[in-house]
Amino acid sequence: MIKTNDSSNKEEKSVKETLFTRNYLLMILTNGFLFFGFQFYPSGLPPFLKSLGADDFILGLATALISVPAIVSRLIAGNLLDRFGRFKVLSCGLLLMTILAYFLGVFQTIFMILVIRTLHGIAWGVAATGSVTAVTDFIPRSRLGEGMGYFSLSCSLAMAIAPALALSLPFEWMFRLGTLFFAGAFIICLLVKYKKIEVNPHKKRTLIEKRSLMPSFIVLCSNASYGAIVTFVALFGQEHGVSHVGLFFAFFAAALMFSRPYIGKLADRIGCKAVIGPGIIALSLSLVLLSFSFNTVTFLICGVLYGLAQGAVMAATQTLAVLRAPSDRVGAANATYSSCFDLGLGLGALLFGFVAEFTGYGMMFLICGLSQVSPYVILKLDKK
């Protein structure tokens with residue numbers, strides 16, 4: 001009898017530790033369709049606005065108008081996810097994304113597109129935060145790093161394919177296909193069997209989860225460096241006559257996609273902080289090396305090293321942000337993390353652009369690499 005009970009307990013534990021469940025796979029598909037739709041517009045919308053007579057300021061404004069509302073709505077959505085459950089918030093966000101994408105193809109004036117993109121930012125913050133929060137409910141805590149690593153592949157794949165696809169399509173089909181991707185995400189999300197969340201309606205809730213601030217600050221710093229790279233690395237390469245600078249991003253994306261699941265699994269095994277530290281060091285080294293890179297080979301080496309480092313930092317910090325939060329604050333933890341992720345990208349482009357004005361691109365990347373000392377110090381001072 002005792003042996004039978006032990007055996008059944010092991011079988012029960014094995015079931016609980018299963019990662020690739022039906023609901024988990026459906027959430028990966030939901031997120032993949034969501035990101036494919038979203039990534040159509042950063043590259044495909046500027047040429048369309050240009051055809052309507054928009055100047056460069058309007059093109060930049062179209063990008064900025066989605067960023068600020070998204071950060072604010074993420075924080076609000078995190079609270080709503082913990083209070084009302086995953087399905088209501090996620091499905092509403094995806095439905096709103098679908099409707100607004102449809103109207104983008106209908107109201108084809110510069111003013112209306114800017115208005116709709118602002119609303120898109122709000123819906124995007126809700127849908128993206130809802131998706132990443134819902135999937136954590138279906139990942140065993142002991143395999144959270146690995147599970148989030150595989151989940152993030154849907155984001156990376158969309159970032160690699162969707163922009164090029166959008167640019168290859170006529171504008172009319174870009175709007176149609178973008179709407180279909182969002183509609184697909186909405187339909188798939190309806191098939192998921194969401195877990196019920198125990199909610200205390202009298203509990204005071206803050207928009208920010210304090211216990212997740214340390215890993216969120218680290219990803220803010222690491223993504224600030226990406227803001228500098230995505231904005232200035234092509235100009236830096238052209239300045240020194242480096243050919244095929246665009247391959248930097250291809251090598252970066254390949255390294256990032258390759259590393260995330262494996263590094264996530266490593267974080268589960270040895271601990272998140274043990275992965276974050278070397279990741280920050282590798283990130284800093286890649287940026288310092290980039291500042292002295294004046295040929296294609298070293299550029300591509302930096303792209304690979306930077307991708308591996310970013311994969312390590314993002315996988316481990318996101319896992320740690322969720323693990324540190326109580327079960328009824330996972331939505332707020334994801335919102336805190338995602339808001340810092342978005343904020344880092346914008347601040348990095350702005351701050352290091354200001355630095356580059358005075359120092360040049362090479363020195364700017366060197367300063368960017370050395371600035372990663374601050375999150376490393378904070379990691380070491382953290383006693384949890």
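Residues are numbered from 1 along each chain as its sequence is written, and side-chain values rest on heavy atoms, with hydrogens and water left out. Because the model is predicted, local features require a pLDDT of at least 70 and side-chain atom pairs count only at pLDDT 80 or more, whereas totals for chains, interfaces and linings use all residues.

The interior is considered first. The largest nonpolar core, where a core is a set of buried Ala, Val, Leu, Ile, Met, Phe, Trp, Tyr and Cys residues joined through side-chain atoms within 4.5 Å, comprises 56 residues. Here buried denotes under 20% relative accessible area, exposed over 50%, and partly exposed the range in between, computed with a 1.4 Å probe and protein chains only. The residues with the most contacts inside this core are Tyr 24, Met 27, Leu 34, Tyr 41, Met 97 and Trp 124. At least two core residues are supplied by each of the helices α2 (22-38), α3 (40-51), α4, α5 (86-106), α6 (110-136), α7 (144-168) and α8 (171-189), with helices taken as DSSP runs (H or I, at least four residues) numbered from the N terminus. Helix α6 provides the largest share of the core, namely 10 residues. In soluble globular proteins, nonpolar side chains tend to be buried together.

Aromatic contacts were then examined over the whole structure, and the search returned 22 aromatic pairs. Rings of Phe, Tyr and Trp (its six-membered ring) are paired if their centres lie within 6.5 Å, with planes under 30 degrees apart counted as stacked, over 60 as edge-to-face and the rest as tilted. Phe 252 and Tyr 306 form a tilted pair, because their ring centres are 5.6 Å apart and their planes stand at 35 degrees. This pair links distant parts of the chain, since Phe 252 belongs to helix α10 (residues 247-270) and Tyr 306 to helix α12 (residues 296-323), 54 residues apart. Phe 252 is buried at a relative accessible area of 8%, and Tyr 306 is likewise buried, at 1%. Elsewhere, ring pairs join Phe 33, Phe 36, Phe 40 and Phe 181 into a cluster. A contact between a charge and a ring is also found, in which the charged end of Arg 176 sits over the ring of Trp 173 at 4.9 Å from its centre; the criterion is that NZ of Lys or CZ of Arg lies within 6 Å of the ring centre and within 35 degrees of the ring normal.

The structure holds 10 salt bridges, each defined by a side-chain nitrogen of Lys or Arg within 4 Å of a carboxyl oxygen of Asp or Glu. Asp 82, Arg 86 and Asp 137 are linked in a network of such bridges.

On the surface, Val 68, Val 72, Ile 76, Leu 80, Phe 84, Leu 207, Ile 208 and Leu 213 form a nonpolar patch with about 670 Å² of accessible area together. Such patches are made of residues with over 30% relative accessible area and no salt bridge, with nonpolar side chains (Val, Leu, Ile, Met, Phe, Trp, Tyr) joined within 5 Å and like charges within 9 Å; accessible areas come from the Shrake-Rupley method with a 1.4 Å probe, and for residues only the protein chains shown count as cover. Helix α4 (residues 56-84) contributes the largest share of the patch, five residues. Val 68, which lies in helix α4, counts as exposed at 55% relative accessibility.

Selected C-alpha separations complete the description. Ile 28, in helix α2, counts as buried at 17% relative accessibility, and its C-alpha atom is separated by 19 Å from that of Arg 74, 46 residues apart along the chain.
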